[in-house]
Amino acid sequence: CQVQLRKLNTAIKDGFQSVIDYWPDSPEAVKSAYLIAETYKDMGQALNAKKAYARVIETYPEDVVAVRSKRDLLELARKENDEKKILAILNDLTFDTKRTSDSSDYCVQSSRELTHFHFDRANYPEAIKALETTYKESSLTRAIYEISRGPIHELTGNATKKIAGEKMADLVINQIMAEIPTLTDDKAKDQARGYYYWIAEVHRYARRRGEEYKTFQQMEKLFGADDGLLDHFADWYRGHGKNDQARAMYARFENQINGQRKIAYLWQIEKKWDEAIAVYEGLEKLDGDRANDYRWSIADCHRYANRLREAIASYRLSDKYPNCLYAMASCHRALKEYQPALEFYAQVITAYPDSGASARFEMAETYEQMGKQENAIRNYQQVCRDYPRSSQASRAHAHLQTKYKINVTLGGAKED
């Protein structure tokens, strides 16, 4: 309670220390010793915290509080950028601390952090030693793959460390290659396919996109080109600005619907709206269950192309309520056709009361666009009165104060 009241010194001297003094052999004394150190840390008194943590570790070496104290000391060392201390604590937690049901998670996390520490410095052998305290065989390989990618990317992006990063990438790939089984059955092929994807990703993180592509080609020879591999080829092409080749990959999908959807999306990214619309129109016929989604996408394309009347007509065909009403209102506002926009917002308020705050706020903004300030003020005030807990009410309240110098109580009347 004293801690929550921010009476931290009182908590330490009259609370935690009293427990230790009067009941030194109790479980509460162990916890109190740790809480003294943690409270000093929270107070920003690093030196006192370090001393208190050291006492916990010395006094209760077999208790989990000793492990937690080491983790807290690690946090302090990182704040101080004390690399020597960081390494010492991680080595202790990884190699020297006994792993129990209570301490295991802390030690496992520390072993992964120590691995990352060594990978960051291209020290592959030491990184593997740390991981081997936690993982064996294929799980070791997975952990190497997972933890090494970020450091490899950083190292190969640094001119002075690039060669070291590439060497480390090769070591990781060799580790993965050793796990690839003989392709005797479908299960083995699935496992091998997963490992080859890991290899391709390591090449990508090592900034060797050409080697990544060659890995995909090797996979195509070994396993054939399923949609997953074709998608990776397409991503590679997109990453190199070769969108036509990416679309060619999507067109080869066995699942034609997914392939065509990706093609349409890629046309949208390129802002080639007519090409995207043509694909979506084909998808309406090919995938009738999602025809409404494609009609919406067609409407969006018209809207982004600034063909607002065509967009309104397309949104009108959608049954995505109340979103289609908002979209049509927005298009009318862009055309400076304010009355139809107001009518659509009114429909939202009447038919979809849960969306009333947003629609009423949009009405207020529309009246402002029309230059009708009194109507705008009334609608902003109505947002505050009818929907006081909404985010729109907060925005309306602030807008009334800032623009019109009007104070309104949320959910009530004007303030004096």
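Predicted model: local features only at pLDDT ≥ 70, side-chain atom pairs only at ≥ 80, totals over all residues.

Me: OK, and which helix does Glu-201 lie in?
Reply: Glu-201 is part of helix α10.

Me: What does Glu-201 touch, leaving out residues up to four places away in sequence?
Reply: With those set aside, Glu-201 touches Tyr-145 and Arg-149.

Me: How far apart are the end C-alpha atoms of α10?
Reply: They are 29 Å apart. Helix α10 runs over residues 186–205, and its 20 residues should span 28 Å at 1.5 Å a residue, so the two values agree.

Me: You mentioned α8. How does α7 cross it, left-handed or right-handed?
Reply: Right-handed. The axes of α7 (residues 124–132) and α8 (residues 137–156) come within 10 Å, crossing at roughly 130 degrees. That angle makes α7 oblique to α8. On the α7 side the contact is made by Tyr-124, Ile-128, Leu-131 and Glu-132, and on the α8 side by Leu-140, Ala-143, Ile-144 and Ile-147.

Me: Let's jump back towards the start of the chain. How many residues does α3 have?
Reply: Helix α3 covers residues 46–59, which is 14 residues. From first C-alpha to last, α3 reaches 20 Å, close to the 20 Å expected at 1.5 Å a residue.

Me: And which residues of α3 are buried?
Reply: Ala-49, Ala-52, Tyr-53 and Val-56 are buried in α3. They sit on the same side of α3, because they cover an arc of only 100 degrees around the axis. On the other side of α3, Leu-47 and Glu-58 are exposed.

Me: So what covers the buried residues of α3?
Reply: The cover includes α2 (27–43) and α4 (64–79).

Me: Tell me about α2 then. At what angle do the axes of α2 and α3 cross?
Reply: At roughly 160 degrees, and the two axes come within 8 Å. That makes α2 roughly antiparallel to α3, since angles over 145 count that way. The crossing of this pair is left-handed.

Me: Which residues meet there?
Reply: From α2, the residues include Ala-33, Tyr-34, Ile-36, Ala-37 and Tyr-40. In α3, they meet Asn-48, Ala-49, Ala-52, Tyr-53 and Val-56.

Me: Switching to loops. What is phi of Asn-81?
Reply: Phi of Asn-81 is near 55 degrees, which is a positive value in a residue other than glycine. Asn-81 is in the loop between α4 and α5 (83–96). At 64% relative accessibility, Asn-81 counts as exposed, as the cut-off is over 50%.

Me: And what is phi of Lys-271?
Reply: Lys-271 has a positive phi too, about 60 degrees, and is not a glycine. You'll find Lys-271 in the loop between α14 (256–269) and α15 (273–286). Lys-271 is exposed, with a relative accessible area of 62%.

Me: How do α14 and α15 cross?
Reply: Their axes come within 8 Å and cross at roughly 160 degrees. That makes α14 roughly antiparallel to α15, and the crossing is left-handed. Residues of α14 in the contact include Ile-257, Ala-264 and Trp-267, and those of α15 include Trp-273, Val-279 and Leu-283.

Me: One more loop. Is the peptide bond from Tyr-321 to Pro-322 cis or trans?
Reply: Cis, with omega near 0 degrees. Pro-322 sits in the loop between α17 (308–316) and α18 (323–334).

Me: Last one: which residues of α17 are buried?
Reply: Leu-308, Ala-311, Ile-312, Ser-314 and Tyr-315. They cover an arc of only 165 degrees around the axis, so they are on the same side of α17. These buried residues pack against α16 (291–304) and α18.

Conventions
Residues numbered from 1 in each chain as written. Heavy atoms only, no water. Helix = DSSP H or I, 4+ residues; strand = E, 2+ residues; numbered from the N terminus. Expected span 1.5 Å × (residues − 1). Buried < 20%, exposed > 50% of the residue type's maximum accessible area, 1.4 Å probe, protein only. Arc of directions from axis to C-beta. Contact = heavy atoms within 4.5 Å. Axes fitted to C-alpha atoms, helices over the stretch in contact; angles between N-to-C directions. Parallel < 35°, antiparallel > 145°, perpendicular 65-115°, else oblique. Left-handed = near helix turned anticlockwise from the far one by under 90°.
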